[in-house]
Amino acid sequence: MRNQNDLLASLTPPKHVKSNRKYHVLIVILCALIFLVSYIFFANRSPTPVELETALTLPDLTAKIENSATAQVTPPPLGQLNQTPVTTGIGKPTQSMQSHTTVWQEYKVKSGDSLSEIFSDNDLPRLDLYKIIHANDISYQFTSIRPGKSLMIGRDFSGKLTHLTYKKNIYKLLKATRNDTGDFTVELVEREMEKRLRTATGSIQSSLFIDGKKAGLTDSTIMQFANIFAWDIDMAMSLRVGDKFAAIYEELYIDNIKVGTGKILAAEFVNRGKSFKAVRFENPEGKSSYYTEKGNSMQKAFLRTPIDFARISSRFNLRRKHPVLNRIRAHKGVDYAAAKGTPIKAAGAGKIIFRGRQRGYGKVVILQHRQKYSTLYAHMSRFRKGQRKGSQVHQGDIIGYVGSTGLASGPHLHYEFRINGVHRNPLTVKLPNSTPIKATYKADFIALSKPLFAQLEQLIATSIAVSASAE
Ligand SMILES: [Zn+2]
């Protein structure tokens, strides 16, 4: 102390030395004390150097959620939080770091990480981990965190864990918030997606997939579209250049960012001049289906194509030569070229009445449907395991896989449709009627579907106008 006082004295004009000496000593001691206390305080809670770099002051996610909880829960996406980081120098607390501010740190889950490891790596108390996991019956979901996803760790000014948020996916956040009793409240916050209606229209030039994409449809919407008409149109075999299509569908948004496509609300396909239209209707029990203008279900007893459309569509480009010709008259069936192993589906619900080898057909399955219908699937590479003669199958069940057994030049499905034992063309045969919408819902359906059918009509008209002007 003596030396410091001397130093002070040497820096101070001599005149005042005598009167101010005691005062200066006090100030120096005080400064040293403040420095010591703050050093101890920050040294104790100072995280590892890596954390210093990643420690970010982020907007209070929870505060935002709670403030807007009355209307709609819209926390900013975690990605967005990262774009506006404010690095906090731990050594120099600022005004913004007062008691209500949450200091957020994003932790990217690595493969092999467990929550307990993450807690110890980030100097979080095991007691908090225990409290979070045992908070309620959904809080165990914190233990099934996945690599690549983010955990947001929120601490208060003193470093105490106050929030833990796990982004399960773009729609769901698992949130733990410390409550007044010191325990945690855990909730699953589902983010509401905004649905925007979109329309698409076009005409077939090469295939539904290619022309659907040109019209702005995604793969999943094209698949939905094909499935709506799966009972009426063979999307692989029956398409012709100039066929028209139109769809009214949902696009899904979160924070004005498109996150996906939703359902098709209405769709139309004009195949060889014949129009097929459908509107989606969900009844009050939550069951949804597509119906015609008259209120008949699009679902029928038989699918037109007993192979997944997606698996064969690429081979059916109208601008290219068909790999396999439609030789109905020659052998009373339809041939679908498909890669070996492509699943074959039961066209309708029924019973397996034959499963084995027949000379030209190779490995073949024959299904009986009610009294008078039967379908036959030939040249299979193998049968579906677990099924046998006498097994009941549902429509769409896999019964075998494409191959080239028997008399086949290459892998394909040979498919036959018989009514009372007589071969019929599977592409054009008139199929049994479908069930109509329940009478109690008919009025609701008419009210909902009328404007949609009207809009479809307009869309198809524009599509025709566009292609006519292009020709
Ligand atoms: Zn054949």
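Ile145 is buried, with 20 other C-beta atoms within 10 Å; a residue counts as buried at 20 or more such neighbours, as exposed at 12 or fewer, and as partly exposed in between, with C-beta atoms placed from the backbone. This is a predicted model, where local features need pLDDT of at least 70, side-chain atom pairs count only at pLDDT 80 or more, and totals for chains, interfaces and linings use all residues. Residues are numbered from 1 along each chain as its sequence is written.

Where does Ile145 lie? Look in the loop between α7 (126-133) and β4 (150-155); helices (H or I, at least four residues) and strands (E, at least two) are DSSP runs, numbered from the N terminus. Leaving out residues up to four places away in sequence, Ile145 touches Val109, Leu115, Leu151 and Tyr166. Touching, or contact, asks for C-beta atoms, placed from the backbone, within 7 Å. Leu115 is 30 residues from Ile145 in sequence, yet their C-alpha atoms are 7.5 Å apart in space.

Now let's move to a sheet. Five strands form an open sheet in the order β8-β9-β10-β11-β12, with antiparallel pairing; two strands pair if DSSP finds at least two bridges between them. Because β8 (194-203) and β12 (288-291) each have a single partner strand, they stand at the edges, and one side of each is left without a neighbour in the sheet.

Further in, β9 (residues 244-254) and β10 (residues 257-271) pair in the antiparallel sense over 10 bridges.

Technical notes. Contact = placed C-beta atoms within 7 Å.
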